[in-house]
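Subject: Structure for you to look at

Hello,

Here is the structure I said I would pass on. Please open it first, then read the notes below it.

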Amino acid sequence: MSTSTDNNASITQESGPSAAVQDIQKKIVVRTADGEVFNLKEEVAMEIDIIKTFFQEDSISYETVMPLPNVEGWEMVKVIEYCTKHVELKHKVDGYKERKAFQALFVQNLSTKSLLALTNTANYLEVKYLLDFLCQAVSEQIKNKDVDYVRELFGVENDFNDEEYEQVKAEAPWAHENLNNDLH
Amino acid sequence: MKRILKSPKSSASGSSQTACLKNHNKSSSSSQVLSMSKEEEGIGLPEDIIRKILCQLPVKTLIRFTCVSKRWRFIIISDPQFAKSHLQLALQWRTLTQRLFVHSLNPHFQSWEYEDNFNGSVIDLTSPYPSKEPCQRAITSCNGLVLLGDSYLTDLVHLAIWNPSTGFFRKIPSPRITIPRNKYGYELDFAVTGFGYVSSTDDYKLVLVVPGDRTHFHVYIFSLKANCWKVIKASHLSSPDFNHYVYGATLSNGAIHWINHRCGVSDPASIYAFDLAEEEFREMPLPVWFPNNDREMRVLLGGCLCVWFKTDARRSEIWGMTEYGVPESWVKLFGFREADLPEVFSSQAEWDLCFVTEDGKIVIKLLESNEFFRIECRKEEKPVCSGRYLLQEVPGYTSFIENRYLYVETLVSVPE
């Protein structure tokens, strides 16, 4: 670590003003809904298609701060975390175990509701591999849950009346039995 | 209680949700966004993301979630595209749940989930037939669709396709079959029945192979897509023997197979295959020949075609055609003697082979009792009994398991 800092320092000293310009060009700045500002490394920012499209296709200068009104600060932190790891693992030959370990930690302290919010964000930001992973993680977590839990989680209204609901439920009673309802 | 699936009316989406089409800046998807009305809290997740999440769930969970809302119910059991995606993913990840019909006491069925550690549940299913009609037996299945009916040609008025997991049920109109007679004038009142999926046309076909005359078969084919029967004549490849009654054919690689026991004891039997896409017959040699003994076809849980031989001296051999269509690829997968497993085969009881799995396990059931055993066969060593499962008694009924009672849990439906 110290070696690279030294290197950076020496480069800045030797190259002068052009190096400072280089540094700014490598960062992309976004602002989330709650007003937080994030500096992303270019290679990480380019993993996020909506950002990539904004800057590359429309040739917008990197000095522009891109607004992300549908994204919360904490979500941006998580997205950056995942994409950074993804970029890092791209260059590794056998990163399978490391990826799995990282993924387990990534979701560890997130409630299912937060996971779902993050899924929505990954969809909006257009990061396909993160979206795929989060969908899988959500499905794992809801696999043994009951109907009430799922309705509440997804915010889906029950449009069955009582009679209809009983009828639908009675068609396959086996599907409602033997659930391992974890505490949630 | 009847379980007839009604197709949803257009109000399936419910009054509180308005479907509006928004174009996301996405290159790939044709996504439809259901914007949630203000009454609903929670995440306004686009429907294609909900589908993506749902697609990965097991069938039992999904059937439960049909109670969440009318829209969810529609997606899960009334959208053939969703069912197809779900099946494809499950096939890819090998997460399909295997079930076996263990009791069918009209008008109820029971099916048992095969799990490696024998922890699977038994569930009750009600006959899908309308109350006035007698319930039929399971003949065979494909992709979670079970063909119900009977193999007697005089009785083919009750053919139907049923998905026990979703309740989807569709009657098949009866074919008009000229029942052939043998040279003594007796009616040959049975057929080889097969059912399978044809990927090239995205269709399911039901096939009845009937002896026609001395040189030809008559093959009656029903396409679920076309919703009609047709009959073709196909010449015999070698002398078939219709004195052996064959019930259901085994599906593998887009063709149905059965063992043709030829006339004349000295003539070795062979495998007949009828390709569902090409609608043509093929013949394949069996790997070995044990005269005067039982041979049955099976399909390995991993997919390859197998033949189970029961020889004299209470030995069994199971051979698999590891490369389909290549006779040289027949390999003996297991061989064991019943005497090696006295705790299983104590009383010379008859037994039936239920499953053969890729990793050297077979599951059998004793005919006289409600016990399942899992036997692991190692190549050089003696076989080992590694599990036993006792089904609950159904009074007055001993379940008779045949290979055709095996099906997988899917959401597949093929409405008219």
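A salt bridge is a side-chain nitrogen of Lys or Arg within 4 Å of a carboxyl oxygen of Asp or Glu. Three salt bridges are counted between chain B and chain A. In one of them, Lys52(B) pairs with Asp132(A), and the closest N and O atoms are 2.6 Å apart.

Some notes on the source. This is a predicted model, in which local features need pLDDT of at least 70 and side-chain atom pairs count only at pLDDT 80 or more, while totals for chains, interfaces and linings use all residues. Residues are numbered from 1 along each chain as its sequence is written, chains are lettered from A and ligands numbered from 1 in the order in which they are written, and side-chain values use heavy atoms, with hydrogens and water left out.

The interface

Contact (heavy atoms within 4.5 Å) links 45 residues of chain B with 44 residues of chain A. The two chains bury about 3700 Å² between them, 64% of it on carbon and sulfur atoms; buried area is the accessible area (1.4 Å probe) that two parts lose on being put together, summed over both.

The cores

A nonpolar core is a set of buried Ala, Val, Leu, Ile, Met, Phe, Trp, Tyr and Cys residues joined through side-chain atoms within 4.5 Å. Buried means under 20% relative accessible area, exposed over 50%, and partly exposed in between (1.4 Å probe, protein chains only). The largest core has 95 residues, of which Ile48(A), Phe154(A) and Phe372(B) touch the most other members. Its largest share, eight residues, comes from helix H8 (residues 128–142) of chain A. Helices (H or I, at least four residues) and strands (E, at least two) are DSSP runs, numbered from the N terminus. Beyond its neighbours within four places in sequence, Ile48(A) contacts residues including Leu40(A), Met76(A) and Leu125(A).

A second, separate core of 23 residues includes Leu159(B), Tyr220(B), Phe222(B) and Val412(B). Tyr220(B) lies in strand E12 (residues 216–223) of chain B and is buried, with a relative accessible area of 6%. Leaving aside neighbours within four places in sequence, its contacts include Leu206(B), Trp229(B) and Val231(B).

One more buried residue

Thr121(A) is found in helix H7 (residues 112–125) of chain A. With a relative accessible area of 4%, Thr121(A) is buried. Apart from neighbours within four places in sequence, Thr121(A) is in contact with Asn70(A), Val71(A) and Glu75(A).

Regards
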